[in-house]
Every structure is written in structure tokens, then in C-alpha cells.
Amino acid sequence: MLYQYNMTPYRNEIQERYVYHLELTRPTPSTWRHWEIHPSISKNPIAFDFYWVKLDSSNLGLAGGQGYFLSKLVHKIKNSGSSANT
């Protein structure tokens, strides 16, 4: 799903963002690292460490409004009867 997000008061810009909801069919690692090979702010690759969080966590805030759709996703999962919560 594509949506637009107004970054005010952080920046004077409207960002176009894509949101994906995936249902996993097999176990996944609890953490993983991804390298941005061609970063715009450095000559060197930048490491990003990722991890899963439970959607029922009280700490779902993400920087820059990136968690905008999380409450909608939690509602969808609860209403579908799915046991997925990560």
C-alpha cells in the first residue's frame, strides 16, 4: 500500500511510503544484519541490525511516523482470528 506522510514539524516535506504486510510460512531468525552498501552520507557501508517485536508490545513507536499503520495491522490481526503476533 502506498501512502503519503507529512513530515512536519521535522522537515518541510511529504514522503511517499510503501507498507507491506507479510505472513511468514516458516521460522525466521530473531535478529539479522543488513548492510547499506552505497550510503548517501558515508563512503563506508552502514550496518543495520533488525529484530522482531511483538505487536502487542507497549513500545511500538517508530521514528518519523513510520509506525503509522501498526495499530491498523494489530486490529486486522485480532479481527481475523490469526495467532500471528510478531
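In which strand does Gln15 lie? And what surrounds that part of the chain?

Analyst: Happy to. Gln15 lies in strand β2, which covers residues 14–18; strands (E, at least two residues) and helices (H or I, at least four) are DSSP runs, numbered from the N terminus. Before going further, please keep in mind that this is a predicted model, in which local features need pLDDT of at least 70 and side-chain atom pairs count only at pLDDT 80 or more, while totals for chains, interfaces and linings use all residues. Residues are numbered from 1 along each chain as its sequence is written, and side-chain values use heavy atoms, with hydrogens and water left out.

Setting aside residues up to four places away in sequence, Gln15 touches Tyr3, Gln4, Tyr5 and Met7, where contact means heavy atoms within 4.5 Å. The side chain of Gln15 also joins that of Glu13 through a polar contact of 2.9 Å. A polar contact here is a pair of N or O atoms within 3.5 Å; within protein, one must be able to donate a hydrogen and the other to accept it, and residues adjacent in sequence count only if both atoms are side-chain atoms.

Glu13 has another partner as well: it forms a salt bridge with Arg11, with the closest N and O atoms 3.3 Å apart. That term stands for a side-chain nitrogen of Lys or Arg within 4 Å of a carboxyl oxygen of Asp or Glu. Glu13 is partly exposed, at a relative accessible area of 31%, and Arg11 is partly exposed too, at 43%. For these labels, buried means under 20% relative accessible area, exposed over 50%, and partly exposed in between (1.4 Å probe, protein chains only).

Moving along strand β2 brings us to Glu16. Glu16 is exposed, with 54% relative accessible area. Leaving out neighbours within four places in sequence, Glu16 contacts Leu2, Tyr3 and Gln4. Tyr3 is 13 residues from Glu16 along the chain, and their C-alpha atoms are separated by 5.8 Å. With Gln4, the side chain of Glu16 makes a side-chain polar contact of 3.4 Å. Tyr3 and Gln4 are also on the contact list of Gln15.

Strand β1 spans residues 2–6, and the loop between β1 and β2 holds Pro9. A cis peptide bond, with omega about 10°, joins Thr8 to Pro9.

Now for the wider setting. The chain has one helix and four strands, arranged along the sequence as β-β-β-β-α. Across the whole structure there are two salt bridges. Besides the Glu13–Arg11 pair, Arg33 bridges to Asp49, and here the closest N and O atoms are 2.6 Å apart. Arg33 sits in strand β3 and Asp49 in strand β4 (residues 46–51), so this pair ties together parts that are 16 residues apart in sequence. Arg33 counts as partly exposed at 49% relative accessibility, and Asp49 is partly exposed at 49% as well.

Strand β3 (residues 31–36) also holds Trp32, which is partly exposed at 33% relative accessibility. Trp32 belongs to a nonpolar surface patch with Leu24, Phe48, Phe50 and Trp52, and together they have about 480 Å² of accessible area. Patches are built from residues with over 30% relative accessible area and no salt bridge, joining like charges within 9 Å and nonpolar side chains (Val, Leu, Ile, Met, Phe, Trp, Tyr) within 5 Å.

Beyond the strands, Gly67 is in the loop between β4 and α1. Gly67 and Val19 are 48 residues apart in sequence, with 9.9 Å between their C-alpha atoms. In helix α1 we find Asn79, exposed at 56% relative accessibility, whose side chain makes a polar contact of 2.7 Å with that of His75.

What about the chain as a whole? Of its 86 residues, 12% count as buried. Among contacts with a separation of 6 or more, 28% come from residues 24 or more positions apart.

Finally, a word on confidence. The chain averages a pLDDT of 82, and 90% of the residues score at least 70; pLDDT is the predictor's confidence in each residue, from 0 to 100. Confidence is highest in β3, at 94, and lowest in helix α1 (residues 70–80), at a mean of 80.

Methods:
Accessible areas come from the Shrake-Rupley method with a 1.4 Å probe; for residues, only the protein chains shown count as cover.
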